[in-house]
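Here is a short note to read beside the model. Take the points in order, with the structure open.

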Amino acid sequence: MSTPRNPAAAPTLGHSLKHLAIHLITPLLMCLGMALAYQGAFHQPEPHHLKVAVVGTTPQAQGLAQAIQGKAGNALDVRTVDDRAAAEQQLRDRDLVGAFVPDAKSPELIVAKGNSDTSVVAATAVFTNVTDRQGVPLHVTDLTTPAAGDPTGQGLFFLLVALSIGSYASVAVIGAAGAGLSMAVRALVGVAVSLAVSVIGIVTAGPVFHVVDHDYAAIWALGWLYSAGIVLIGIGLHSFLKKWTTLALMVLFVMLNFTSSGGIYRPELQNGFFGGLHGFWTGAGFLEGARSIMYFDGGAGLGGHVVTLLVWLLLGGAALVAAAMYEGRGRRPVETPAEAEEEMEEAVAV
């Protein structure tokens, strides 16, 4: 008679705890990264070289500008402009946050809230102090018209969030479930997925919630560029990072991206690190480009923001080429079904 096989021995407590600890590394790193990024970027918003102006060429206007600058120090960059028309043009070019028109009875602050509502709040506080000392109310005039579904101008930031999550979460699925496909096929799937993500974004932001109420095609095109850059970079990185790809993409396109995009605070209200990232990070390219289209008639630096998105798309292409060469040397990572399922669940969960 054959001896019956003994069932596999149950894992020891120490082995189970070790297995659990290894799997907890990723969420704990995510927690640490999000805490450092979001609190580092948003914990203490203060003006840094906030650009404002006093309208007028009189000695009184120049004296007021000098007095405000002297009291504010590096918090403000105060200039004078010759007249209201010049001030409005600089606001539309996004070279100013606010322009103060002195008047003994009815002082006025001209702003463009489409540039950044929080920056306008900071500028308004500066000149409210001036008019409070005069004992008269400050009248605020906004040169931009918010979309019907986005009175605060924050809706474009949440569109950025949706596009980002849809893009980087798709990477894990393409990399894990599509591991048997060639790099060229995975790249084509990535382009198709980014197209789907951008269509979902513009449909929900446009006809559904009216965050975008004009120039649908232009905003959609920016969204596709943005999404494609993330997806292609992610597909390329997956060949090297395997199950760590989701964490890497969260660092690149959530922790550093949302915080530097200008969606909550623009650089003039942030510290130097996140303010510096704003100049070339992909989220800022999309968000500021969308603002330029929505509120400034396609001007105010739109070309530079499109270039930023194209550079990130090219980085995605470079990542694909590097990954294809890596895999061509027989180094394609092979994931077990359990690893692939775990990676996809992790991506969807975050």
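A crossing is left-handed if the near helix is turned anticlockwise from the far one by less than a right angle, and right-handed if clockwise.

1. Basis. The model is predicted: local features need pLDDT of at least 70, side-chain atom pairs count only at pLDDT 80 or more, and totals for chains, interfaces and linings use all residues. Residues are numbered from 1 along each chain as its sequence is written, and side-chain values use heavy atoms, without hydrogens and water.

2. Two helices. The crossing of α5 and α7 is right-handed. Helices here are DSSP runs (H or I, at least four residues), numbered from the N terminus. Helix α5 covers residues 155-177 and helix α7 residues 216-241. They pack at about 35°, with axes 9 Å apart. Axes are lines fitted to C-alpha atoms over the stretch in contact, and angles run from 0 to 180 degrees between N-to-C directions.

3. Domains. The protein chain is divided into domain 1 (50-142) and domain 2 (154-330); the bounds come from an automatic or database domain assignment. Their centres, taken over C-alpha atoms, are 35 Å apart. The contact (heavy atoms within 4.5 Å) takes 14 residues from domain 1 and 13 residues from domain 2.

4. Core. The largest nonpolar core has 75 residues. Such a core is a set of buried (under 20% relative accessible area, 1.4 Å probe, protein chains only) Ala, Val, Leu, Ile, Met, Phe, Trp, Tyr and Cys residues, joined through side-chain atoms within 4.5 Å. I68, F127, L156, I219 and F286 touch the most other members. Helix α5 gives the most, with nine residues. Both domain 1 and domain 2 give residues to this core, so it lies between them.

Definitions and conventions:
Buried means under 20% relative accessible area, exposed over 50%, partly exposed in between (1.4 Å probe, protein chains only).
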